[in-house]
Amino acid sequence: MTIELRGLRDKEWDAWFAGLEWAFGGVSKAPEERALWQELTEIDRSLAAWDGDRSVGSFSSFSFRMTVPGGTPVPTAGVTMVSVAATHRRRGLLRRMMRSALQGFHEAGEPLAALTASEQQIYGRFGYGVATRAMRATIDTARVRVAPPAGADDLTLTVLPPAEAAARCEELYARLVPTRPGMLARQPGWEKLPLLDPPRERDGASELRCVLAERDGELLGYARYALKPQWEATVPDGTVLVRDLMAAEPAAYGALLRFLCETDLMSTVVLRDRPVDDPLLHLVSDIRRCQLRTIDRLHVRTVDVGAALAARTYAREVDVVLAVEDELCPWNTGRWRLSGGPEGAVCERTTDPADLSFEHVRALGAAYLGDASLAALAGAGLVRELRGGALAPAATAFSSAVAPWLPHGF
Ligand SMILES: CC(=O)SCCNC(=O)CCNC(=O)[C@H](O)C(C)(C)COP(=O)(O)OP(=O)(O)OC[C@H]1O[C@@H](n2cnc3c(N)ncnc32)[C@H](O)[C@@H]1OP(=O)(O)O
């Protein structure tokens, strides 16, 4: 039977989203979360696959602006809500939707696409590389101390319901977005995402709380967290579950981490979605008792190689010819001269011989925000040095002083 692929219509959203929920295990989202995803869905960027009157595939994207090295926000298609019904899987439906979407992003002038994946192994074949990683720390606070931060004496900490502080937290978040490649500027509606706290999903934990760090009334950091009390016989053994922690200065960061780690009756603090260069690595007394784990987070695809490479800056002067092969986005295939440095760059087609070859376009996505080093990618055979001496300076140029980071999925 022929599967019809077409744009989603408003009135079809429920059936379309129900198909997505079923593909993700069949548990419906809590009503408030479902309502938020409906509000956030950009209908005109959503694809639906129909087998007769049955919705058998979903695909959407958000019109994000992502911080790239240099701090500029760049239009980025945030691929999301991807599913194919179990009855129709592995017949190329996702590939069809992806091809059609990438063509659309290209025509709309969005040089980048990005996603957070349900399974890491799905998207490399479509040219997405792992561009940011997320660190999780499970801190044994009975053994681990956080040193008192310098400059924190005049900070005030206040705990209150997250909704009461939401507007001020969003303001601080917006100030921090340009400071890390990978961060996404939040559009209207997105500020509700970190506040979602459906009671049925708390699994024995408290409702969310927000702790603010302020100096003379100025907000310098915040953390949103829940407490999960537990007792081992008569010994308190609770957990602090940290949803997010953002700080504009080291003293505020240190004060918040110390506050969370010193919560009475709690013996574990779990921080998820931290950058891989999180300051906690240097503040805790015993890193081995923090059970660090790193996973892939943001997968990035260069939809338009020339525009994408020209949109970021480079850590040092670079003048290099890159050879790219791109089956899914054939407009990228060819040779590109990238020249520029810390102030900006241009990237144009050339017929000059290539210095570096990207054996798979996903390597370009992995290196784009500065997380994966070109040298490491070359070590894995994904980048090839065609002119001796070209790799090392290009690897330095692509690097980022701070680890790229996205503190949430979408
Ligand atoms: C950004 C996001 O929204 S992430 C969410 C992704 N969705 C889910 O995980 C929900 C559950 N899974 C599904 O709905 C489906 O299995 C999907 C969407 C992942 C895949 O859809 P399909 O239509 O089966 O994929 P399609 O047939 O186009 O496969 C294309 C290729 O990807 C491979 N592939 C697809 N899914 C997977 C997977 N989960 N693991 C490994 N390989 C996969 C296929 O084998 C095929 O490989 P090939 O190019 O070598 O032939």
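The residues of the shell around the ligand divide into 11 nonpolar, five polar and six charged. Here Ala, Val, Leu, Ile, Met, Phe, Trp, Tyr, Cys and Pro count as nonpolar, Asp, Glu, Lys and Arg as charged, and the others, Gly among them, as polar. The model is predicted: local features need pLDDT of at least 70, side-chain atom pairs count only at pLDDT 80 or more, and totals for chains, interfaces and linings use all residues. Residue numbers start from 1 along each chain as its sequence is written.

In total, 22 residues surround the ligand. A residue is near the molecule if its C-beta atom, placed from the backbone, lies within 6 Å of it. The closest are Val 82, Val 84, Arg 89, Leu 94 and Ser 118. Strand β4 (73-84) and helix α3 each supply at least two residues of this shell. The largest share, six residues, comes from β4. Helices (H or I, at least four residues) and strands (E, at least two) are DSSP runs, numbered from the N terminus.

The protein chain is assigned domain 1 (4-110), domain 2 (135-296) and domain 3 (299-398). These bounds come from an automatic or database domain assignment. The C-alpha centres of domain 1 and domain 3 lie 29 Å apart. Between them, 10 residues of domain 1 are in contact with 10 residues of domain 3. Contact requires C-beta atoms, placed from the backbone, within 7 Å. Helix α3 (residues 93-108) gives the most to the domain 1 side, with four residues. By class, that side has five nonpolar, three polar and two charged residues.

Strand β16 (residues 298-302) is largely enclosed by the rest of the structure, because five of its five residues are buried. A buried residue has 20 or more other C-beta atoms within 10 Å of its own, these atoms being placed from the backbone. Leu 298, Val 300 and Thr 302 cover one side, and His 299 and Arg 301 lie on the other. In a regular strand, side chains alternate between the two faces of the sheet. Strand β5 (residues 112-116) runs antiparallel to β16, joined by five bridges. Thr 116 has Leu 298 as its bridge partner. Strand β6 (residues 129-130) is also antiparallel to β16, through two bridges. There, Gly 129 stands opposite Val 300.

An open sheet of five strands has the order β19-β18-β17-β20-β21, with mixed pairing. Two strands pair if DSSP finds at least two bridges between them. The edge strands are β19 (344-349) and β21 (383-385).

Notes: A residue is buried if 20 or more other C-beta atoms lie within 10 Å of its own, exposed if 12 or fewer, and partly exposed in between; C-beta atoms are placed from the backbone. Two residues are in contact if their C-beta atoms, placed from the backbone, lie within 7 Å.
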